[in-house]
Amino acid sequence: MKRSSMRAFDPVRLGGAECAGWVGYYRRQWGLVLRSAVRMVRVGFGLPWPRTLYGAWLVLRANQLWAPVPDNDPDGARRTMRRFYKLVVATTGETFDVDAAARLEVEWWRVHRHLQRDAPGDDPTALVDALAALYAHVYGVDPDQVRAAAAGRAEAMRISDRWVADGCDPASPAVAQERAELVRSYAALLATVHR
């Protein structure tokens, strides 16, 4: 059986794209978020160009629906991410449940927002668990196998959250630290899912 293109990504390119997307998200630079989403979808899922562009649009829209505080639209974000994951399944041949993937995606967004806004000093275990649940579902592995990747991504979010609290300076050294942590996280994920 041919390996899914979403199991053969470049952690450096993917981590860099996600870092740039987070910078754009928190600075509400939606053009940067869209460009980053294009790179993330292309690198992370290996979709062909027309589907990459459509998938990136869905990711952008889901983030825009989620972004407003406190009046966001989690149901709309889930519906949009369901469309994204449906596109991924149709393109890659993966067989995960797209409804569950969309629910798990937006759940980690919710857990992260709680930690970021309501409990910044709390233990990140709930976020690590939420990320590991998403990875385990999408890649069809045991959550313990992707826990290190989830913990690294949660750490990148902690760095990002501190950067946001400090004013979102794109020249801050925290951006490079966040990128490095994302790269390490995706390298750990790739080591597990690349067969």
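The legends below describe close-up views of aromatic contacts and pockets in a predicted model. Residues are numbered from 1 along each chain as its sequence is written, and side-chain values use heavy atoms, with hydrogens and water left out. Because the model is predicted, local features need pLDDT of at least 70 and side-chain atom pairs count only at pLDDT 80 or more, whereas totals for chains, interfaces and linings use all residues.

**View 1. Ring pairs around Tyr-25.** The whole structure holds eight aromatic pairs, where rings of Phe, Tyr and Trp (its six-membered ring) pair if their centres lie within 6.5 Å, and planes under 30 degrees apart count as stacked, over 60 as edge-to-face and the rest as tilted. The pair of Tyr-25 and Tyr-26 is edge-to-face, because the ring centres are 4.9 Å apart and the planes stand at 85°. Tyr-25 also pairs with Trp-30, with centres 5.9 Å apart and planes at 90°, so this pair too is edge-to-face. Both Tyr-25 and Tyr-26 are buried, while Trp-30 is partly exposed at a relative accessible area of 23%; buried means under 20% relative accessible area, exposed over 50%, and partly exposed in between (1.4 Å probe, protein chains only).

**View 2. A charge over the ring of Tyr-25.** The charged end of Arg-28 sits over the ring of Tyr-25, at 4.9 Å from the ring centre, a contact that requires NZ of Lys or CZ of Arg within 6 Å of the ring centre and within 35 degrees of the ring normal. Tyr-25 itself has a relative accessible area of 10%.

**View 3. A cluster of aromatic rings.** Phe-45, Phe-84, Tyr-85 and Phe-96 are linked into a cluster by ring pairs.

**View 4. The largest pocket.** This pocket (on a 1 Å grid over the protein atoms alone, an open set of points where a 1.4 Å probe fits, with protein on both sides within 12 Å along at least five of seven lines) has a volume of about 800 Å³. Its lining, meaning residues with an atom within 4 Å of a point, comprises 40 residues, of which Glu-18, Glu-105, Trp-108, Trp-109 and Arg-153 are the closest to the centre. By class the lining divides into 27 nonpolar, seven polar and six charged residues.

**View 5. The second largest pocket.** With a volume of about 250 Å³, the second largest pocket is lined by 15 residues, and Leu-115, Pro-120, Asp-122, Arg-158 and Asp-161 lie nearest its centre. The helix α7 gives the most to this lining, with eight residues.

Key: Grid points are joined across faces, edges and corners, and a volume is the space filled by probe spheres set on the points. Ala, Val, Leu, Ile, Met, Phe, Trp, Tyr, Cys and Pro count as nonpolar, Asp, Glu, Lys and Arg as charged, and the others, Gly among them, as polar. Helices (H or I, at least four residues) and strands (E, at least two) are DSSP runs, numbered from the N terminus.
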